[in-house]
Structures are given as structure tokens and as C-alpha cells.
Amino acid sequence: MVLRRVFALTLLLLPLPATAAEFSAEERQLVADIRRMMDKTTDLLIYAYTNETKMDLAEMKRLEREFYRISRWFSAQIPYERYERRTGSFCQGAATFAWDYWKDTTDYKEFNGTETQQIIGMPRNYQELKDRQKESLEGHFIVFNRCDRHLDQIPTELEDHRSARNLTLSDMDKIRPESTDLFTKIIKQKQPYDENNLKYLKKAANDIYKNYYGLYNLIYEKNLGGLSCLFYVNLPKYFISDYLLTYGNTKSSKRLPDGLFEIGYKTLTNLYREETKFCDMQIEKYRKENPQ
């Protein structure tokens, strides 16, 4: 459900091109502030997940207010109703998913569940709480990853589009198995996730990523159903750099607790499989409707 929900949001929020020269000092500061608040969200998640069973209600409510404050900050900076090309409304969504996760946790602690559903919207039992927590965290990791990638790409997007080489569906026939083979090797990699162990896979992912903007242009030329095909070229790169090396590296200050890391890991690997499968379906559909 979360994957479909986030994918639908992505289709509505296609990034508009921008150039580095168009970025004002104020806009650069906004991007820096967003990254700072993303880090703050991660710190809160680590603390919340690690200490969930140890906190008293007062501390849980204090933490909930912190999550809510960050969510409201994103809402004020990036209105959900208006797409902001510098950052993407999905950055706001990441903070909201984190707040949802902790609000359900705090509500359940305060009211001990309510099997009679007298309190509308609250988890009714422990299993429902766990299901909601998992769904919120899955949404958080998907949208957080998308926000992180967009902040990295947007400053030079227009130039990158213009300089991209033209791709064809025949090129995609080569890229898809290369990406699938690479991603299989990535998920076979065991900890520790560090630069030394991942350097060859990282180089291969960066090489495939060079097709990103050419593929982006091909998607629009052929109307291949949104951005699913881009996952072949961008997720391996950012899965390594922005997830494994950031949240799985034992030397990283952002290293996640094992259980929390596993939720994000499974969510992003499943996302790759689902989106690339959808891409394959769109390519097959296009070829049937446009025989050579």
C-alpha cells in the first residue's frame, strides 16, 4: 500500500528543470536547512526506535512534539499543495511519515489501545500498532530517499538533460539486465558496509547512473508510464551512497539500529523490484502498441 501511495505521489511531482545559476543564496540556504532537518529527523528516529520500550509517557510526548515541529517546519517551507522544484514536496512527506510513526506509538502508550474503537483513529491493539509503525517507517524511507536524491540532482538538472546522450529502447534492453545483475550483487553484499567493500559496486552503479538523463528523456518521448524505469539507473547508486554507506556503516554517525535499518533495507529493495517490474510492463505494452 505504501509503495503504491508513494509512487502515485511521485507521478504528480515530476521535477521541473533548474540551473545552478538560478539558485539564489536564499534557495541554497533552504536546501542546507532541509538537509539539517533531515538529519534531525534521523537522530530522533534513532532515539525513538532504540528507547521506545524504556520511555515514560512524558518523554514520549516531548519527542512527539519534536517530530511534529519538524513536520510543520517542512510544511511551512514546502507547501504540500504546491510543488517546489528546488526541493520537492516529498521532502515534507518524509517528516510527516516519521511523525505518524511516533504519534501512533505515543497514543497507544497513553491509552493502552482501545478494542472498542472509542478513540477514533488510534491503534486498537498491539499488532495494529506494529503494522502502522512498519507502514509509516516504510513510507519514511521511500520518501526520504527520493528527497535526498532530488536535492543532489536539482542544481544542474537542466544542463544534465541537455548534455545527455539519446537513448533508445535497444539501449534499455542492455541497461536492464546490467542493472538487475548489479543490484543482485549489491544485496548479496554483507556488512560491514564501507567504502572499501563497496567500491567496485559503487563504481558500477555510478557508470549505470550516467544513463539517467538520457533515460529520463526517453521516458517522456515514449510515454513509458512515469518514472519507474529510472529506478534501473538511479536506485543502485543512491542505495549504496545514501543508504548502505550512510545508515549501515558502523563508522557513520547516522548508523541505524539493526531493526530500523532492516525495515529501510527491505523497503528500498522491494521498491526496486516493484518499480522495475512496472517499467518492464510499460516497455512491453509500448512495443505491442508500436510494432517495428
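Accessible area here comes from the Shrake-Rupley method with a 1.4 Å probe. By that method, the protein chain exposes about 14,800 Å². Carbon and sulfur atoms supply 50% of this area. The model is a predicted one.

Start with the overall fold. The protein chain holds 11 helices and 0 strands. Read along the sequence, the pattern is α-α-α-α-α-α-α-α-α-α-α. The chain has 292 residues, and buried residues make up 52% of them. Now turn to the contacts with a sequence separation of 6 or more. Of these, 76% join residues 24 or more positions apart.

Next, the cysteines. A search of the whole structure finds 1 disulfide. Its partners are Cys-229 and Cys-279, with sulfur atoms 2.0 Å apart. That pair counts as a disulfide because the cut-off is 2.5 Å between cysteine sulfur atoms. The link between Cys-229 and Cys-279 is right-handed, with 95° about the S-S bond. Cys-229 lies in the loop between helix 9 (212–222) and helix 10 (231–247). Cys-279 lies in helix 11, which spans residues 258–289.

Cys-229 has 1% relative accessibility, so Cys-229 is buried.

Key. Residues are numbered from 1 along each chain as its sequence is written. This is a predicted model: local features need pLDDT of at least 70, side-chain atom pairs count only at pLDDT 80 or more; totals for chains, interfaces and linings use all residues. Side-chain values use heavy atoms; hydrogens and water are left out. Helices (H or I, at least four residues) and strands (E, at least two) are DSSP runs, numbered from the N terminus. Buried means under 20% relative accessible area, exposed over 50%, partly exposed in between (1.4 Å probe, protein chains only). Contact means heavy atoms within 4.5 Å.
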